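Dear colleague,

Please find below the structure that I am handing over to you, followed by an account of what was found in it.

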Amino acid sequence: HGFHFPNSLPCRQSFIFIFLILSMSYESLINIKRFRSKQIYGVFTGALLLFLSYEHFLVDETYDFPIIYLSILFLILYLFVLQLYKSKRKKALLLFLLVAIAEVVINFNGTGLSTVTREYYTNDNEGIESILNTIEEKDDSFYRIEKYKRRTKNDGAWHQYKGVSIFSSTAYAGLNDFQKALGFESSMNASSFYGQTPLTSSLFSVKYMLGKEEIADTRLTSLMLQSKEEYLYKNNYTLPLAFMLPTDFDKKWDISSTDPFLVQNNFTKELLQKNLFTPVATSSSGSTIALNIQTSDEVYIYITTKNIETVNVSVIDINGIEVSTEVYEDYNYRHILNLGSYEPGTFIHVSSEEGEIDLDLKAYAFNEEVFLNVYDKLSQEPFLIEKFEDTFISGSIYSKEDGLMYTSIPYDKGWSVKVDNIEVEPIPFKDAFLAIPLNQGEHIIEFSYRPQGLMIGGLISGISLLSFCVILFARKYIKE
């Protein structure tokens, strides 16, 4: 893990412990006749006391009494088989195998996890591959692609497209914190595009969205391609990989609020003195919150209550009739939800299946005109890419005045930047993305990337390999 402490995923190094225990057990078993009976009974007594201590201290929702006593029963069976093995070796081996298989089967039945078929991962490969190949032929610019509904956070790596969602043990904390402030789904070492708004999609240069359902075209989104049961939609107002912002924008943009809609409002207010989101009137009855829709704008919510895994959304029309219900699952990592647009007078009821828990949420309506004004302003000074590869990007930009070139390239010390063939030090925009201060005028920009520690790591590996070869030759020479 590159000296990175593994976060979550407990027991990911359990194979080391298992290997150690198996090795010790094997050594003990083949030398079982060397152990005296009182030694075996002593080990059995220690294991029995251990399980009885589990019963006293650890019995709860995870460990219950049947598990403890069933384990003790297997201890007794193994003790019997070991004693039999010492005296009648051949007959005991089969019994030993049967007891071990019985324990594994019972254990797996109680603790095993369900599996999926290979088709679960491959059934959409053909459709998505066809779409990606087609759009690559039609659009040679830089763009990112995301999914409305992901299978995993690393679907981009699976299908080989440039995305935003990622699960990585070496995830950069600053980027995760920034995405969380904007309302994206985010955890310690993972983040996803769930929680996007037209503004954040544009800022992250996400030009296309993959989906499995046909969605009606809007002013902001339109259907581009269809292959089998896969659809590709275009975000019609997507900003380039980089563009100009005011020099002090990084310091002025306040992202400290726990309300992601206010964070995005602070962005638009710094540019246009206008709010992108306006509050929606709500009323609460504890476990249910009702939204009173007064405009036809898209409605977004952000639930601040913790430990919510399932969100139910029911739409009540102006006649008081429930017209639709949708369930949002896997909401344990909070993010913005887009509930869509409705007629004025509609009520939306938001609740959770987590019992009688009091819900708290933020509800806002999206102002499309403000977004379009922001897009028009930011797209006036784009970074024009001439060449891009995985580790190299070059292009030009014209800055009307001194300012800050924002990029949606995640900040990493492995990036080096040249402006007009002179190497400059990039700054971490909100401790998340690369940004470069620029003077007024035309500039040629080059980005190149080399992972930190690559040279040192290669040197260490080379020395290790050389040392290993020296040891092999030395051992051979000594034996001769």
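Predicted model: local features only at pLDDT ≥ 70, side-chain atom pairs only at ≥ 80, totals over all residues.

Ser-284 has Ile-289 of strand β11 as its bridge partner. The two strands concerned are β10 (residues 281-284) and β11 (residues 288-292), which pair in the antiparallel sense over four bridges; strands here are DSSP runs of E with at least two residues, helices are runs of H or I with at least four residues, and both are numbered from the N terminus. Two strands are said to pair if DSSP finds at least two bridges between them.

Residues are numbered from 1 along each chain as its sequence is written, and side-chain values use heavy atoms, with hydrogens and water left out.

The open sheet as a whole has five strands in the order β10-β11-β16-β13-β14, with antiparallel pairing. Its edge strands, each pairing on one side only, are β10 and β14 (322-328). From one strand to the next the twist averages 20 degrees; axes are lines fitted to C-alpha atoms, for helices over the stretch in contact, and angles run from 0 to 180 degrees between N-to-C directions.

A further open sheet has three strands in the order β2-β4-β3, again with antiparallel pairing. Here the edge strands are β2 (166-167) and β3 (186-187), each of which pairs on one side only. Strand β3 is joined to strand β4 (residues 190-191) by two bridges, and the two run antiparallel. Ser-187 stands opposite Ala-190 of β4.

Strand β25 (residues 441-449) has two pairings to report. With β19 the pairing is antiparallel over eight bridges, and Phe-392 has Ser-448 in β25 as its bridge partner. With strand β21 (residues 415-419) the pairing is antiparallel over five bridges, and Trp-415 has Tyr-449 as its bridge partner.

Within β19 (residues 392-399) lies Ser-394. Is Ser-394 buried or exposed? Ser-394 is buried, at a relative accessible area of 10%; buried means under 20%, exposed over 50% and partly exposed in between, with a 1.4 Å probe and protein chains only. Apart from neighbours within four places in sequence, Ser-394 is in contact (heavy atoms within 4.5 Å) with Phe-383, Leu-384, Ile-385, Glu-386, Lys-387, Ile-445 and Glu-446.

Turning to the nonpolar cores, a core is a set of buried Ala, Val, Leu, Ile, Met, Phe, Trp, Tyr and Cys residues joined through side-chain atoms within 4.5 Å. The largest has 40 residues, and those with the most contacts inside it are Leu-203, Phe-204, Phe-267, Leu-378 and Phe-429. Helix α12 (residues 368-378) contributes the largest share of this core, six residues. A second, separate core of 20 residues includes Val-299, Ile-308, Ile-348 and Leu-359. With neighbours within four places in sequence left aside, Leu-203 is in contact with Leu-239, Phe-243, Phe-267, Leu-378, Tyr-406 and Ser-408.

Finally, there is a helix pair. The axes of helix α2 (residues 37-57) and helix α3 (residues 65-87) come within 9 Å and cross at roughly 175 degrees. Among the residues that make the contact are Phe-44 and Phe-51 of α2 and Ile-72 and Leu-79 of α3. The contact residues divide into 15 nonpolar, three polar and two charged; Ala, Val, Leu, Ile, Met, Phe, Trp, Tyr, Cys and Pro count as nonpolar, Asp, Glu, Lys and Arg as charged, and the others, Gly among them, as polar.

Leu-70 is also placed in α3 and counts as partly exposed, at 33% relative accessibility. Its C-alpha atom is separated by 52 Å from that of Asp-412, 342 residues apart along the chain.

Yours sincerely
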